[in-house]
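Please read it alongside the sequence and the structure shown here.

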Amino acid sequence: MLAVACAKSEENLVQDAVLKGLIDPDSAKFGEITIIGDKACATVNSKNNFGGYAGNKQAILKKIDGAWDFMGTLPSSNAICVALHIHEKSEEQIAKEMFK
């Protein structure tokens, strides 16, 4: 029998980095993940200290020295996370675009 090693996808590597920063990593449910260059936003819902699901949050990540670094979460949509974190737009710019 031959064993074949498969390289993890970038999305899997992002998920692994997020899991390391959660209180209850086994409870994590991932949604949309956006990766552009060395930055990523990932929708995640996981249990908090009280054992209940906290609701969707956006995990913010940056690739440093070839590894994904989990920087924290935002209580926003994936689109807003991408605009703020990846495209580095200000909240004012985002509001103007939303209400054109």
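A residue counts as buried when its relative accessible area is under 20%, and as exposed when that value is over 50%. The model described here is predicted. In helix 2, which spans residues 78-86, the buried residues are Asn78, Cys81, Val82, Ala83, His85 and Ile86.

**Sheet and helices**

- Four strands form an open sheet in the order 1-2-3-4, and their pairing is antiparallel.
- The edges of the sheet are held by strand 1 (29-36) and strand 4; each has a single partner strand, so one side of each lacks a neighbour in the sheet.
- On average, neighbouring strands are turned by 25° against each other, direction ignored.
- Strand 1 and strand 2 (residues 39-45) run antiparallel and are joined by 6 bridges.
- Across this pair, isoleucine 35 stands opposite alanine 40 in strand 2.
- Helix 1 (residues 10-20) packs on the sheet and touches strand 1, strand 2, strand 3 and strand 4. The direction of helix 1 makes about 120° with that of strand 1.
- Helix 2 also packs on the sheet, touching strand 1, strand 2, strand 3 and strand 4, and its direction makes about 150° with that of strand 2.

**Largest pocket**

- The largest pocket has a volume of about 190 Å³.
- Its lining comprises 4 nonpolar, 6 polar and 2 charged residues, including Gly21, Asn45, Lys47, Lys57 and Thr73.

**Backbone with positive phi**

- Most residues other than glycine have a negative phi.
- Aspartate 65, in the loop between strand 3 (57-64) and strand 4 (67-74), has a positive phi near 50°.
- Aspartate 65 counts as exposed because its relative accessibility is 81%.

Technical notes
Residues are numbered from 1 along each chain as its sequence is written. This is a predicted model: local features need pLDDT of at least 70, side-chain atom pairs count only at pLDDT 80 or more; totals for chains, interfaces and linings use all residues. Side-chain values use heavy atoms; hydrogens and water are left out. Helices (H or I, at least four residues) and strands (E, at least two) are DSSP runs, numbered from the N terminus. Buried means under 20% relative accessible area, exposed over 50%, partly exposed in between (1.4 Å probe, protein chains only). On a 1 Å grid over the protein atoms alone, a cavity is a set of points where a 1.4 Å probe fits but cannot get out, and a pocket is an open set with protein on both sides within 12 Å along at least five of seven lines; lining residues have an atom within 4 Å of a point. Grid points are joined across faces, edges and corners, and a volume is the space filled by probe spheres set on the points. Ala, Val, Leu, Ile, Met, Phe, Trp, Tyr, Cys and Pro count as nonpolar, Asp, Glu, Lys and Arg as charged, and the others, Gly among them, as polar. Two strands pair if DSSP finds at least two bridges between them. Axes are lines fitted to C-alpha atoms, for helices over the stretch in contact, and angles run from 0 to 180 degrees between N-to-C directions. Contact means heavy atoms within 4.5 Å.
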